[in-house]
Amino acid sequence: MTAVAGDDLARVHPADLHGRLDSQLTGAARAWLDQALDEAGTHPGTHGPISVWELRLAEAGRRCGAEHADAARVLILHAARADAAALTRVYQQGTAAERRAVLHALPHLVPGPDALPLVEDALRTNDTRLVAAAVGPYAARHLDPHQWRHAVLKCLFTGVPVAAVADLDRRAHDDAELARMLGDYAAERTAAGRPVPADLHRVLTLTDPTATPPAPATAPGPRGTDGEES
């Protein structure tokens, strides 16, 4: 079975993600996930020092397998309707895997920039999987130009493929400051006798003001309880 790709966790609506994950899990794992989602939906928010759904986040790897755990955690967070405060608590207290799930869940759960400190924290780490999760659709929507440029550079520094950067084509287009930063970085690498990442040339090409700008990306909107877009 092929796990749901990391990029898809933030870009696919949870209802569709659930269907894809369901088809990949074994019977026991599927039954556990259904129960975990029911519990999270019935008792969302915070209850006491730790909620039942938070305990299920910790179990996801053991119950669903490491390759499916991220997707399961994103679904649990969505079912629990975790707000920015709850997501911050999970991020601060959780493992690297749980932090990654929080970052993937942000575009589904936080409409405004309230959770940007979590993205900024992840971008300060050298954990490449956290960095890749941090530069998804939420960062594309809410990081200011200065922060976003440094996020792109962080990917180049750490070897995270720039394909992980959501909305890269649109945000890089005609960005002279990003082009300057990329040129400086390439010059530093060359002067030190080190190779220039191929991804740098790709992003530099995107900054070309003569290129045809891409159409704005359209993100799926939240759905109401009846499954319709709202």
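The model is predicted, so local features need pLDDT of at least 70 and side-chain atom pairs count only at pLDDT 80 or more, while totals for chains, interfaces and linings use all residues. Residues are numbered from 1 along each chain as its sequence is written, and side-chain values use heavy atoms, with hydrogens and water left out.

Helix 3 (residues 27-42) packs against helix 4 (residues 52-64) at an angle of about 170°, their axes lying 10 Å apart. Helices here are DSSP runs (H or I, at least four residues), numbered from the N terminus; axes are lines fitted to C-alpha atoms over the stretch in contact, and angles run from 0 to 180 degrees between N-to-C directions. Helix 3 is therefore roughly antiparallel to helix 4, a term for angles over 145 degrees. In the contact (heavy atoms within 4.5 Å), residues including Trp-32 and Glu-39 of helix 3 meet residues of helix 4, among them Trp-53 and Arg-56.

Helix 4 also packs on helix 5 (residues 66-79): the axes come within 7 Å and cross at roughly 155°. Because of that angle, helix 4 is roughly antiparallel to helix 5. The residues that meet include Trp-53, Arg-56 and Gly-61 in helix 4 and His-68, Arg-73 and Ile-76 in helix 5.

Where is the largest cavity lined? Its lining residues (an atom within 4 Å of a point on a 1 Å grid where a 1.4 Å probe fits but cannot get out) include Leu-103, Val-119, Gly-136 and Tyr-138. Helix 7 (96-109), helix 9 (128-134) and helix 10 (137-142) each give two or more residues to this lining.

Note on methods:
On a 1 Å grid over the protein atoms alone, a cavity is a set of points where a 1.4 Å probe fits but cannot get out, and a pocket is an open set with protein on both sides within 12 Å along at least five of seven lines; lining residues have an atom within 4 Å of a point. Angles under 35 degrees count as roughly parallel, over 145 as roughly antiparallel, 65 to 115 as roughly perpendicular and the rest as oblique.
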